[in-house]
Amino acid sequence: MQKNIFIALDKPQSSLKSPLHPNHNSIQDNSKIFSPNSDEIGIRADIFIAKALQISRSQAEKLFSKGKILLNGNILEKHGIALKANDILIIQEDIPQTQDSQLENLEIPILYQDEDLLVLNKPAGLIVHRTNEQDRQRTLVDWLHQQNFPLSNLGDSYRAGIVHRLDKGTSGAIVIAKTNFAHKNLKLQLQTRQMGRYYLCVIDKALKESQIVDSPLIRHSKNRLKYITTHPNNVNAKSAKTAFFKIATANKLQDYELIGAKLFSGRTHQIRAHLSSLNRHILGDFFYGYSNDSKNNEFSQNRIFLHSHLLYLQHPKSGNILHIYAPLSAEMQSFLKANFDLINYQDSHTNLIFSLDSLYQSVFS
C-alpha cells in the first residue's frame, strides 16, 4: 500500500555562509561571442552584455575597464555605444581561482535522505555540474563528493548522482541518486511524469489569466545559451509544456505578481523561455529580458526569483509517494512579506509555505 509522505522544514535555511550569487558568473577560458538580434539593434553595449552574461551593469562595466570586451575585433571602451546589425561582440573572460574553502563553508540543507536518494535545497548561485574539463566553477557535484555521499555513476563523472538539474540562479528542491537502481527508476519517473516539480517565481507583469503554455523550445540562432519558443512543426525543437497559475499581486511593486509554475517537461530554461514568450520576465532574470530600470530593487541584483518549492516522487524501493517542500531562503521570505499580502500562506512559525499542487488543481482541474 502506497503512503503519501509530506516533508517540510519548519524554518527557512540560509544556504550559504559565503553567498554565491548567480550574477557572479565563473568565467570560462574560451571567449564568448554574441551578435544582437533584430530587436536588440540600438541597445547599449553595456546593457546587452549584462543581459547576455546574466550579470549586473556594474559587473559588465568591470569587464569594460579590464579591456575584456571587443567590438568587431577592437577593444570597446565606450560602454554606451549603440549596437548595430551584424556587430560582433567578443567577451574575453578569465577563470577566477575559486578556493576549495568555498565548498567547505557551503551549507546545503538536506530535505530528505536515505540509502537510495538525497533531496537538497540548492542555493542560488551554484551550478549543478560542469560540462567540460575547462570549466573551473565549483559545483553541487563537487560538494557532494566533498561530503562523501555515495553517488550513482550512470552518466559521466561531471554528473555523478544527478537525476535532473536546476539553473545556476535557481534555488530549491533537487533530487540526487545514491545508487544506479535509484537513478534508473527516478529517470523513468521523470519521463512518465510520476516525478513532478512545482516552482515559485515573481514576474514583472501580472498574467492576464492562469494558463498552460505548450510550445516547443529551440536554441536561439545567435545566442546559443538562450532558448526561444518555435513552431510545433520545427524538427529541431523539443516539446515543452508549463502551467502558470496566479497566486498574489504585489501591493508595493506595481504590476509584479507571485505565480506558481508546474513542469510537464524538463527542458533547459523552460520556465524562463515560456514566460518570455508571454512578455513576462522573472525578477532578476536579465538574460531573458527583465529590466529593473524603472523598478529598481536590491533583490534583483543578487539572484533570479525562481525557486523549486515542491518536488514529489515515488520512492524507488518502498513505493511511498514523497512530497518534499524546499523552504524559501530568508531573503526571499523577507522580500515576499514586504511586497505581498501573504498572511494566508504562513505556517505557525510565520514561515511562508505554498501548497502549489492544491493551487494548481484548484485552477486547472
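Helices (H or I, at least four residues) and strands (E, at least two) are DSSP runs, numbered from the N terminus. The model described here is predicted, so that local features need pLDDT of at least 70 and side-chain atom pairs count only at pLDDT 80 or more, whereas totals for chains, interfaces and linings use all residues. Residues are numbered from 1 along each chain as its sequence is written, and side-chain values use heavy atoms, with hydrogens and water left out.

The secondary structure of the protein consists of eight helices and 16 strands. Of its 365 residues, 54% are buried, where buried means under 20% relative accessible area, exposed over 50% and partly exposed in between (1.4 Å probe, protein chains only). Among contacts (heavy atoms within 4.5 Å) with a separation of 6 or more, 67% are accounted for by residues 24 or more positions apart.

A nonpolar core is a set of buried Ala, Val, Leu, Ile, Met, Phe, Trp, Tyr and Cys residues joined through side-chain atoms within 4.5 Å. The largest such core has 60 residues, and L140 and L336 have the most contacts inside it. Strand β9 (residues 196–203) supplies the largest share of this core, six residues. When neighbours within four places in sequence are left aside, L336 is in contact with V202, L258, F305, L328, L342 and L352. Another core, of 19 residues, lies apart from the largest one and includes F48, L53, A60 and L83.

Helix α1 (residues 45–53) packs with helix α2 (residues 57–65) at an angle of about 110°, and their axes are 9 Å apart. Axes are lines fitted to C-alpha atoms, for helices over the stretch in contact, and angles run from 0 to 180 degrees between N-to-C directions. The two helices are therefore roughly perpendicular, a class that covers 65 to 115 degrees; angles under 35 degrees count as roughly parallel, over 145 as roughly antiparallel, and the rest as oblique. From α1, residues A45, D46, I47, I49, A50 and L53 meet R57, A60, L63 and F64 of α2. This contact comprises eight nonpolar, no polar and two charged residues.

Strands β2, β5, β3 and β4 form an open sheet in the order β2-β5-β3-β4, with antiparallel pairing; two strands pair if DSSP finds at least two bridges between them. The edge strands, each pairing on one side only, are β2 (32–34) and β4 (74–75). Two bridges link β4 to strand β3 (residues 69–71) in the antiparallel sense, and L70 stands opposite I75 in β4.

Strand β7 (residues 117–122) is mostly covered, with six of its six residues buried. L117, V119 and N121 point one way from β7, while L118, L120 and K122 point the other way. Strand β6 (residues 110–113) runs antiparallel to β7 and is joined to it by three bridges, with Q113 having L118 as its bridge partner in β7. A hairpin through three residues connects β6 to β7. Strand β8 (residues 171–177) is also antiparallel to β7, to which six bridges join it; K122 stands opposite G172 in β8.

Two residues other than glycine have positive phi values. H269, with phi near 60°, lies in the loop between β14 (257–263) and α6 (270–277). At 12% relative accessibility, H269 counts as buried. N279 has a positive phi of about 60° and is placed in the loop between α6 and β15 (306–314). With a relative accessible area of 47%, N279 is partly exposed.

Key
Ala, Val, Leu, Ile, Met, Phe, Trp, Tyr, Cys and Pro count as nonpolar, Asp, Glu, Lys and Arg as charged, and the others, Gly among them, as polar.
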